[in-house]
Amino acid sequence: MNFSVDMHKLGYNAATAAQSLAIAGTNEKNEALAGIAAVLTKMKSFIMDVNAKEVSDAKARGLPAPMIDRMTLTEARFDEMIQGIHNVIELPDPVGRILDGHIEPSGLNIIRRAVPLGVVGVIYESRPNVTVDIATLCIKSGNACILRGGSECFQTNLTMYELIQEALTNSAIPASSVNLVTSTERELVNQMLTLSDFIDVIIPRGGEALHRMCVKHATVPVITGGFGVSHIYVDNTADIERSVDIIINAKTQKPSACNALDTLLIHCEKASTLLHNLAPELEKHGVYVHAHGVADDLLRDYPFKAKCSEADFDTEFLGLHMNVMIVESVSDAILHIRKHKAIHSDAILTETIKNAKIFERSVPSACVYINCSTRFSDGGQFGMGAEVAISTQKLHARGPMALEALTTYQYVCHGDYLVRK
């Protein structure tokens with residue numbers, strides 16, 4: 001079967017560029033990034049027009065509201081994307097950092113040094129800013145990248161990729177440092193997943209189905225993440241008024257985000273008071289509540305109630321729906337969280353240090369919050385400039401993946417014509 005994109009050639013070009021990137025200087029990389037920011041800013045109106053047409057087409061085709069929200073480039077999101085490039089420019093270069101070292105009695109001088117991964121393949125859905133975020137982080141960390149965006153944002157991704165290519169052509173960084181699969185043919189994804197001669201790691205960004213598919217079919221190492229059910233537990237000593245603010249922020253600030261609140265767990269001693277204060281605020285935002293057990297009775301007059309099932313607790317809603325459940329203790333909350341896909345971002349609201357410590361040590365999530373909204377799980381909010389993904393696995397990288405997570409290390413060993421005895 002013939003395809004419009006030669007994946008073998010794409011991989012070869014990326015691997016060749018990675019060799020140059022690995023020895024590129026910090027100034028060269030930063031100048032290339034500044035050039036990308038300048039070109040994208042100059043062409044902002046054009047990019048926004050292309051994206052607006054794709055969003056309009058998506059609405060006409062009846063795509064889900066969360067997907068439409070994720071694919072929309074607003075003025076604020078565009079400006080945040082550009083600011084992310086400048087933030088990465090200001091960050092220290094992770095390549096060449098000496099992690100540790102020592103001298104053995106034999107005279108062998110061993111240094112452990114940070115080096116790029118090589119070629120990073122990213123398969124992503126919906127969010128067009130990912131094209132720029134990944135290109136930026138990969139260039140700064142000395143990696144070439146191969147990008148495959150979703151078909152719903154194909155023209156927006158293609159437009160920004162072509163502008164990135166224009167900027168790189170006028171820089172010291174090889175243009176093939178950033179590569180886009182310029183076709184939406186699904187078979188090309190399978191080819192990308194098995195391009196182990198050239199790609200060093202695959203990072204999927206999207207729903208659970210995408211991650212499972214990549215893990216199942218890839219012959220290249222895969223870093224999973226970006227999905228999971230996010231919980232907030234309100235302890236019996238929590239400040240009710242401030243807890244309401246956090247819950248509303250976590251649920252409504254960006255409902256389509258992977259770190260938005262899915263399940264609210266409330267200590268039985270606080271349930272009546274909290275829900276009395278919380279319900280009017282949820283109603284203002286049109287949040288549909290799946291009220292389980294006792295919570296259903298406490299919310300008997302709430303106008304936006306949805307039918308409940310046990311499966312709701314394993315659902316990442318990505319929209320204006322949330323579970324509410326009453327628990328007897330912090331231990332019950334932790335047991336529930338561990339049972340129901342707590343791998344991403346989970347929070348406790350409490351004034352009790354002991355319960356906060358128990359929670360943070362018991363919850364298995366990549367990001368655990370004490371008296372904070374789960375919406376902070378983000379490379380920009382963590383001071384990383386941007387992120388390639390949020391990893392929820394336990395090997396190599398966890399949480400927002402930025403510059404340091406895009407490096408590995410090698411042992412550099414020095415001797416004076418040293419031989420082993």
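**Figure 1. Ile146 stands opposite Asn179 in strand β5.** This is a predicted model. The two residues belong to a parallel pairing of strand β4 (residues 144–148) with β5, made over three bridges. Helix α7 (residues 154–169) packs on the sheet and touches β3 and β5. The direction of α7 makes about 150° with that of β5.

**Figure 2. Four strands build an open sheet in the order β5-β4-β3-β6.** Pairing in this sheet is parallel. Its edge strands are β5 (178–180) and β6 (201–205), each of which pairs on one side only. From one strand to the next, the twist averages 20°. Helix α6 (residues 129–140) lies across β3 (119–124), β4, β5 and β6. Relative to β4, helix α6 runs at about 165°.

**Figure 3. Six strands form a second open sheet, ordered β9-β10-β8-β7-β11-β12.** Here, too, the pairing is parallel. Strands β9 and β12 (367–370) are the edges, and each pairs on one side only. The twist averages 20° from one strand to the next. Within the sheet, strand β8 (residues 263–267) pairs with β10 in the parallel sense. Five bridges join β8 and β10. Strands of a sheet pair through backbone hydrogen bonds, either parallel or antiparallel.

**Figure 4. Strands β1 and β2 pair in the antiparallel sense.** Strand β1 covers residues 98–103 and strand β2 residues 109–116. The pairing runs over five bridges. Ile98 stands opposite Arg113 in β2. The two strands make a hairpin with five residues between them. In this hairpin, Gly107 takes a positive phi near 100°.

**Figure 5. The charged end of Arg112 sits over the ring of Tyr409.** The charged end lies 4.6 Å from the ring centre. For orientation, compare the position of Arg242, in helix α10 (residues 240–252). The C-alpha atoms of Arg242 and Arg112 are separated by 46 Å. Along the chain, these two arginines are 130 residues apart. Arg242 counts as exposed because its relative accessibility is 52% and the cut-off is over 50%.

**Figure 6. Tyr288, Tyr302 and Phe304 form one aromatic cluster.** In the whole model, the count comes to four aromatic pairs. The ring centres of Tyr288 and Phe304 are 5.5 Å apart, and their planes stand at 55°, so this pair is tilted. Tyr288 lies in strand β9 (residues 288–291), while Phe304 lies in the loop between α12 (294–298) and β10 (321–327), so the pair ties together parts that are 16 residues apart in sequence. Tyr288 is partly exposed, at 36% relative accessibility. Phe304 is partly exposed as well, with a relative accessible area of 26%. Phe304 also pairs with Tyr302, and this pair is edge-to-face. The centres of Tyr302 and Phe304 are 6.1 Å apart, with 80° between the planes. Tyr302 counts as buried because its relative accessibility is 7%, and buried means under 20%.

**Figure 7. Ser345 makes side-chain polar contacts with His344 and Ser377.** The contact with His344 is 2.8 Å. The contact with Ser377 is 2.5 Å. Ser345 lies in strand β11 (residues 345–349). This serine is buried, with a relative accessible area of 0%. Neighbours within four places in sequence aside, Ser345 is in contact with Ser230, His231, Asn259, Ser365, Cys367, Tyr369, Thr374 and Ser377. Thr252 is 93 residues from Ser345 in sequence. In space, the C-alpha atoms of Ser345 and Thr252 are 16 Å apart.

**Figure 8. Ser230 sits in the loop between α9 (208–217) and β7 (231–234).** Ser230 is buried, and its relative accessible area is 0%. With residues up to four places away in sequence left out, Ser230 touches a run of residues that includes Cys258, Asn259, Ala260, Leu261, Asp262 and Thr263. Ser345 and Asp346 are also among its contacts.

Conventions: Residues numbered from 1 in each chain as written. Predicted model: local features only at pLDDT ≥ 70, side-chain atom pairs only at ≥ 80, totals over all residues. Heavy atoms only, no water. Phe/Tyr/Trp six-rings, centres within 6.5 Å; stacked < 30°, edge-to-face > 60°. Buried < 20%, exposed > 50% of the residue type's maximum accessible area, 1.4 Å probe, protein only. Lys NZ or Arg CZ within 6 Å of the ring centre and 35° of its normal. Contact = heavy atoms within 4.5 Å. Pairing = 2+ DSSP bridges. Polar contact = N/O pair within 3.5 Å; in protein donor to acceptor, adjacent residues only side chain to side chain. Axes fitted to C-alpha atoms, helices over the stretch in contact; angles between N-to-C directions.
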